[in-house]
Amino acid sequence: PTSAQVSAVPQPGRFCYTLDNDVLTTEQRQFYEDNGYLLIKKLVSDEDIERFRKEFVRICKREVNPPGAMIMKDESLKSQYGQSEKVVNKVQDFQEDKELFRYCTLPEVLRYVECFTGPNIMAMHTMLINKLPDSDQQTFLHPMHQDLHYFPFRPAARIVCSWTAMERADHDNGCLIVQPGTHKQPLKPHGYPQWEGKTNKLFHGLLDEDEKSPKVHLVMEKGDTVFFHPLLFHGSGINKTSGFRKSISCHFASSECYYIDVKNTSQEDLEKELVEMVRKKYNASSVELRDIWNFRARLVQGERINL
């Protein structure tokens, strides 16, 4: 048979988490299907990363103030360092910052994203993480968790995270840690870990983690990008260095995904916490979870259908 005839034969059940495309090799698709993540070397240019880094510093110094961005700081360092990157550990929801949001529109990123979401792509959740050095008072260790815990939309298979290292990430400065194959498990209950006074707001973790499950430390160089499934168990280690570990990421979803009601599910407590935070921040009386996501979501390719 000709090659066209061969590829026309459907293989039911072989690929559940990737869509037919001409970007990924069969080996790459199979790796993602089996493991729930895929690492692409040197995907984002040094020039782009330098631009994102400069914009992050401007945000830390309050030279720019993107509407809706949540800037998370280690308040205990403020008196020592003032308004600087030595205090800020995360800029979340940067969709209104034109310079950082460029990350979500990079053609080299979107061509991979489309393999998971299809052609209609929404940027749903954006973060630039500046992992500060850990101290006796504060840890920036992120417990093992599933990102779907935070998302009130489905199906999970049409959601993917793109996470790019802005400098080398390794064991010493707290690289990403993944548990291969756990994306095939259902969404598990999450909550705050039982650490003495060191938990970070909204850093929820799996309540019932299998310590014996094999973990992989993703050592990444600047520009390396990992794409992973929202049910994959992952977290990050502590930063044992005196420097920072920066990364930029976006959760993308097909615009054909749909919102679900999280009442009476394991996500209900998170909804209450998030809504309460937003109400306080904006002094708003009535905010619903869907409102928050509608504000965050931006179309980056194709057409907006449901989300």
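Analyst: A residue is called buried when its relative accessible area is under 20%, exposed when it is over 50%, and partly exposed in between, with a 1.4 Å probe and only the protein chains considered. The model is predicted, and local features therefore need pLDDT of at least 70 and side-chain atom pairs pLDDT 80 or more, although totals for chains, interfaces and linings use all residues. Residues are numbered from 1 along each chain as its sequence is written, and side-chain values use heavy atoms, without hydrogens or water. Of the 307 residues in the protein chain, the share that is buried is 53%.

User: Does Asn264 count as buried or exposed?

Analyst: Asn264 is found in the loop between strand 15 (258-259) and helix 7, where helices (H or I, at least four residues) and strands (E, at least two) are DSSP runs numbered from the N terminus. Its phi is near 60°, which is a positive value in a residue other than glycine. The relative accessibility of Asn264 is 73%, and therefore the residue counts as exposed.

User: What is the relative accessibility of Arg62?

Analyst: Arg62 has its place in the loop between helix 3 (46-60) and strand 2 (70-73), and its phi is near 60°, a positive value in a residue other than glycine. Arg62 counts as exposed because its relative accessibility is 53%.

User: How many helices and strands does the protein chain have, and how much of strand 4 is buried?

Analyst: The protein chain holds eight helices and 16 strands. Strand 4 is largely enclosed by the rest of the structure, because the number of its residues that are buried is 11 of the 11.

User: How far apart in space are Pro107 and Gln301?

Analyst: Pro107 has its place in helix 6 (residues 107-117), and with a relative accessibility of 60% it counts as exposed. Gln301 belongs to strand 16, where Ile121 stands opposite it. Although Pro107 and Gln301 are 194 residues apart in sequence, their C-alpha to C-alpha distance in space is 9.9 Å.

User: What is the volume of the largest cavity?

Analyst: On a 1 Å grid over the protein atoms alone, a cavity is a set of points where a 1.4 Å probe fits but cannot get out, and its lining residues have an atom within 4 Å of a point. Points are joined across faces, edges and corners, and a volume is the space filled by probe spheres set on them. The structure holds two cavities of 30 Å³ or more, and the volume of the largest cavity is about 450 Å³.

User: Which strand gives the most residues to the lining of the largest cavity?

Analyst: The lining has 32 residues, and those nearest the centre of the cavity are Lys90, Met127, Ile129, His142 and His145. Elements that each supply at least two lining residues include strand 3 (88-92), strand 5 (142-145), strand 14 (245-254) and helix 8 (289-296). With five residues, the strand that gives the most is strand 4.

User: How many residues in the lining of the largest cavity are charged?

Analyst: Ala, Val, Leu, Ile, Met, Phe, Trp, Tyr, Cys and Pro count as nonpolar, Asp, Glu, Lys and Arg as charged, and the others, Gly among them, as polar. In the lining of the largest cavity, 15 residues are nonpolar and 11 are polar, while the number that are charged is six.

User: Which helices give two or more residues to the lining of the second largest cavity?

Analyst: The second largest cavity has about 40 Å³ of space, and its lining divides into seven nonpolar, two polar and one charged residues. Among the residues that line this cavity are His149, Tyr150, Leu270, Glu271, Leu289 and Trp293. The elements that give two or more residues to this lining are helix 7 (268-282) and helix 8.

Technical notes. On a 1 Å grid over the protein atoms alone, a cavity is a set of points where a 1.4 Å probe fits but cannot get out, and a pocket is an open set with protein on both sides within 12 Å along at least five of seven lines; lining residues have an atom within 4 Å of a point. Two strands pair if DSSP finds at least two bridges between them.
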